[in-house]
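The report below describes one protein model, moving from its strands to its cores and then to its charged side chains. Please keep the sequence and the coordinates at hand while reading.

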Amino acid sequence: TGEKEVTKIQDWQEDEVLFKYCKNKKIVKYVRAFLGESIRSIHTMLINKPPDLGKGTSEHPMHQDLLYFPIRPASKIVAAWTALEKITPENGCLTVIPGSHLKGLIPHEIQSQNVGYQGVKNIQGKEQEKVYLHMEPGDTVFFHPCLIHGSGVNRSQGFRKAISCHYASGQETIFTKIPTHNFGLLDEFFALTEKKLGPDFKLSQEEKLSLYNMAWRAKSRQVLGTSNDSWWNEDE
């Protein structure tokens with residue numbers, strides 16, 4: 001069936017039906033409390049976490065979302081994550097380490113068979129700090145982009161569904177060069193493109209950074225208020 005074919009849809013800012021989630025008045029009310037009167041969506045996801053086939057590929061390692069964002073400061077970014085059905089540790093609920101956002105962005109490494117997924121280094125031994133978020137349909141959690149979080153293996157026979165949107169202040173954020181320890185992430189993202197275009201096609205790190213920032217600008221949308229020039233001008 002179609003449910004089994006799609007495990008995640010990202011960057012659906014052009015879909016009028018799905019994007020209603022990002023503009024939902026109840027959600028925006030809380031986002032305003034974090035970001036103020038200028039709000040932009042920067043990343044959207046509809047997650048259909050499949051039953052694990054025994055290889056652990058349905059697990060999302062503990063990570064910080066800021067790793068992927070070329071937008072700063074972190075204090076002006078917030079995520080809204082909503083359960084679309086009952087979510088428990090059995091079907092791979094969110095797992096968080098409370099207070100971990102206070103440490104700022106810390107080094108990550110590849111820890112998953114899923115392309116583009118990285119996990120926080122040296123996370124072993126912190127099991128006692130983890131909190132498992134049991135959620136009912138419609139429950140929503142808001143969290144900082146430096147919060148260490150992930151989701152476990154889906155051991156159930158069904159698909160675990162959730163929807164999320166990351167927001168940033170359009171007035172109090174700027175685009176920046178992502179930290180050098182993220183160059184491995186950039187290389188991973190662009191490796192497939194370079195492979196398809198042949199051995200003679202190579203992008204410099206500067207070109208990758210420019211394209212990366214351009215992509216984040218392109219998929220962002222104004223939800224409330226207006227934005228500063230950093231959202232339009234690459235040189236900002």
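In strand 2 (residues 39-49), 10 of the 11 residues are buried, so this strand is largely enclosed by the rest of the structure. Buried here means under 20% relative accessible area, while exposed means over 50% and partly exposed covers the range in between, computed with a 1.4 Å probe on protein chains only. Strands (E, at least two residues) and helices (H or I, at least four residues) are DSSP runs numbered from the N terminus. The model is a predicted one, in which local features need pLDDT of at least 70 and side-chain atom pairs count only at pLDDT 80 or more, whereas totals for chains, interfaces and linings use all residues. Residues are numbered from 1 along each chain as its sequence is written, and side-chain values use heavy atoms, with hydrogens and water left out.

**Strand pairing**

Two strands are taken to pair if DSSP finds at least two bridges between them.

Elsewhere, four strands form an open sheet in the order 3-11-6-9, with antiparallel pairing. Its edge strands, each pairing on one side only, are strand 3 (60-63) and strand 9 (131-132). Strand 6 (residues 94-96) pairs with strand 9 over two bridges in the antiparallel sense, and the bridge partner of Thr95 in strand 9 is Tyr132.

**Nonpolar cores**

A nonpolar core is a set of buried Ala, Val, Leu, Ile, Met, Phe, Trp, Tyr and Cys residues joined through side-chain atoms within 4.5 Å. The largest such core has 20 residues, and those with the most contacts inside it are Ile42, Tyr68, Phe69, Ile71, Ile77 and Tyr212. Helix 4 and helix 5 each supply at least two residues of this core. A second, separate core comprises 15 residues, among them Ile27, Val31, Cys165 and Tyr167. In soluble globular proteins, nonpolar side chains tend to be buried together.

**Salt bridges**

The structure holds five salt bridges, a salt bridge being a side-chain nitrogen of Lys or Arg within 4 Å of a carboxyl oxygen of Asp or Glu. Three of these pairs are set out in the table.

| Pair | N to O distance |
|---|---|
| Asp11 and Lys219 | 3.4 Å |
| Glu37 and Arg32 | 2.9 Å |
| Lys208 and Glu194 | 3.9 Å |

The salt bridge of Asp11 with Lys219 links distant parts of the chain, since Asp11 lies in the loop between strand 1 (8-10) and helix 2 (16-19), and Lys219 in helix 5, 208 residues apart. Asp11 is partly exposed at 32% relative accessibility, whereas Lys219 is buried, with a relative accessible area of 14%.

In the salt bridge of Lys208 with Glu194, Lys208 belongs to helix 5 and Glu194 to helix 4, so the pair ties together parts that are 14 residues apart in sequence. Lys208 is buried at 5% relative accessibility, and Glu194 is buried at 12%. With contact defined as heavy atoms within 4.5 Å, and residues up to four places away in sequence not counted, Lys208 touches Leu186, Asp187, Phe190, Glu194 and Leu203. Glu207, also found in helix 5 (residues 205-219), is partly exposed, with a relative accessible area of 39%.

**A buried arginine without a salt bridge**

Which side chain of opposite charge is nearest to Arg160? Arg160, in strand 12 (residues 160-169), is buried yet has no salt bridge, and the nearest side chain of opposite charge is that of Glu85, 6.1 Å away; Lys and Arg count as positive and Asp and Glu as negative, while His and the chain ends are not counted. A polar atom of the Arg160 side chain does, however, lie 2.4 Å from the backbone oxygen of Gly92. Not counting residues up to four places away in sequence, the contacts of Arg160 include Ile47, Lys49, Trp81, Glu85 and Gly92.

Terms used
Polar contact = N/O pair within 3.5 Å; in protein donor to acceptor, adjacent residues only side chain to side chain.
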